[in-house]
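Reader: Before I set up any calculations, could you take me through the fold and the ligand site, one question at a time?

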Amino acid sequence: MKHLVAPSLLSADFLNLQKDFDMLNQSEADWVHLDIMDGVFVPNISFGMPVVKCAQKASKKPLDVHLMIVDPDRYVEEFHKLGAYVLNVHYEACTHLHRTIQHIKSLGMKAGVTLNPHTPVSVLEEIVCDVDLVMLMSVNPGFGGQKFIENTVDKVKRLKEMIVRKGSKAVIEIDGGVNFETGKRLVEAGADVLVAGSFVFGAENPIETIAGLKAL
Ligand code: DX5
Ligand code: ZN
């Protein structure tokens, strides 16, 4: 499949979200990525339900929700009500990951599992056929604008090999430090979805930047 692009709202202008949603709606963005941080799983707090509710109203693009919170099962139903298309939970935050994945899918959402940079893809052997998406963190989660971790390119290749070998239909999403240069190498390695925050919203022309990421 041609890869997708999911701009991350974390780097948007929170004083004027309507303007940024108008831009995203006009752009070639496929999804809008929403980073939910609880200050416990990651050392930062981002935004919560009121902002997701605004996104649900303002976005014409499907919402790709990335939960960086402990015990995400507590909020699966609430994010479903708030219109999440993809719900990503961290492998490191789920004691009963299989149950969490089934719960997400039973509500009709796409279920994604996310790995921190230090977590090997081998932990997914027994779950990769149950998920719709695997997201690899290419920075340590918690902040936008960090430097891309190079090991991710080889990690994508290892994940792709596992997905093919197991006959999984999971797509591969990458989150953190994506720009034209890292994005190109990630797509070549097998990435299906590129998240980009600071690279899109920090650009002089975000619409063109999104188009450029789509064209990689
Ligand atoms: C980091 C978040 C990312 C972040 C990416 O914890 O999960 O989605 O917004 O930002 P950039 O693209 O600036 O690295
Ligand atoms: Zn994210």
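Author: Two strands count as paired if DSSP finds at least two bridges between them. With that in mind, please note that this is a predicted model.

Reader: In which sense do strands β4 and β5 pair, and over how many bridges?

Author: Strand β4 covers residues 84-90 and strand β5 covers residues 110-115. One of the links between them joins Leu87 to its bridge partner Ala111 in β5. The two strands run in the parallel sense, and the number of bridges over which they pair is five.

Reader: Which strands lie at the edges of the sheet?

Author: The sheet is open and has eight strands with parallel pairing, in the order β1-β8-β7-β6-β5-β4-β3-β2. An edge strand here pairs on one side only, and this holds for β1 (4-7) and β2 (32-37). Neighbouring strands of the sheet are turned against each other, on average and with direction ignored, by 25 degrees.

Reader: Which side chain has an N or O atom 2.7 Å from an oxygen atom of ligand 1?

Author: Around ligand 1 there are 20 residues, and those that come nearest are Ser8, Gly142, Asp175, Gly197 and Ser198. Gly197 places a backbone N or O atom 2.8 Å from an oxygen atom of the ligand, while a polar side-chain atom of His33 lies 3.3 Å from an oxygen atom of ligand 1. The side chain that has an N or O atom at 2.7 Å belongs to Asp175.

Reader: How much of the accessible area of ligand 1 does the protein cover?

Author: On its own, ligand 1 has 380 Å² of accessible area. The space that the ligand takes is the largest cavity. Of that accessible area, the protein covers 99%.

Reader: Which element gives the largest share of the shell around ligand 1?

Author: The elements that give two or more residues to this shell are β2, β3 (63-68) and β8 (193-196). The largest share amounts to three residues, and the element it comes from is β2.

How values were computed: Residues numbered from 1 in each chain as written. Chains lettered and ligands numbered in written order. Predicted model: local features only at pLDDT ≥ 70, side-chain atom pairs only at ≥ 80, totals over all residues. Heavy atoms only, no water. Helix = DSSP H or I, 4+ residues; strand = E, 2+ residues; numbered from the N terminus. Axes fitted to C-alpha atoms, helices over the stretch in contact; angles between N-to-C directions. Near = heavy atom within 4 Å. Polar contact = N/O pair within 3.5 Å; in protein donor to acceptor, adjacent residues only side chain to side chain. Areas by Shrake-Rupley, 256 points an atom, 1.4 Å probe, with all protein chains shown as cover. 1 Å grid on protein atoms, 1.4 Å probe; cavity = no way out; pocket = protein on both sides within 12 Å on 5 of 7 lines; lining within 4 Å. Sits in = over half its atoms within 2 Å of the grid points.
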